[in-house]
Amino acid sequence: MLKINTIAVLYALYVFIPTELMVNVYRIHRLTGWDFRTINSLTNIVLLAGIILGSIFFYMITARWLVPSKWNFITMLLWLPYFLLFVFIFAVLFPMTNGGDDPNPATGLILLGMLVLYPFYIFLINWMSMFTKNPENVTDQSK
């Protein structure tokens, strides 16, 4: 159960970081003085690299840590409370004090789509990792 919760926390962090980058574009601009094009380019690079490297990482860690079981699919729901906790902690530690830091309304639409599709992404990773033969997780079924 500890491994499933650890993976759920990692899933929550995996979606939390890009979410905060997209929501805090104006704050990053105000604090760093960078151009919006630069911030958006860096955010897109982080998002693309995160999708590629994160998918590989989650596939490997799920195949290695978790025994192929239907219980692994609980992570499709378990990431959400951790994500909400991270958002709450971030909002408490770094409150929006400047009205100009509010995100663009279209950002909410993008995030909504991202968060709705995210459980399907987790399902795909779990489903693919079930077919990986890992000597540590293979049980002897002849007994």
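Let's start at Leu78, which sits in helix 4 (helices are DSSP runs of H or I, at least four residues, numbered from the N terminus). This is a predicted model, where local features need pLDDT of at least 70, side-chain atom pairs count only at pLDDT 80 or more, and totals for chains, interfaces and linings use all residues. Residues are numbered from 1 along each chain as its sequence is written, and side-chain values use heavy atoms, with hydrogens and water left out.

Leaving aside residues up to four places away in sequence, Leu78 touches Ile4, Asn5 and Ala8 (contact means heavy atoms within 4.5 Å). Asp101 is 23 residues from Leu78 along the chain, and their C-alpha atoms are 30 Å apart.

Now look for the largest nonpolar core, which has 16 residues (such a core is a set of buried Ala, Val, Leu, Ile, Met, Phe, Trp, Tyr and Cys residues joined through side-chain atoms within 4.5 Å). Among those with the most contacts inside this core are Tyr11, Phe58 and Trp79. Helix 1, helix 3, helix 4 and helix 5 each supply at least two of its residues, and helix 1 gives the largest share, seven residues. In soluble globular proteins, nonpolar side chains tend to be buried together.

Finally, zoom in on Phe58. Not counting residues up to four places away in sequence, Phe58 touches Ile7, Leu10, Tyr11, Tyr14, Tyr121 and Ile125.

Methods: Buried means under 20% relative accessible area, exposed over 50%, partly exposed in between (1.4 Å probe, protein chains only).
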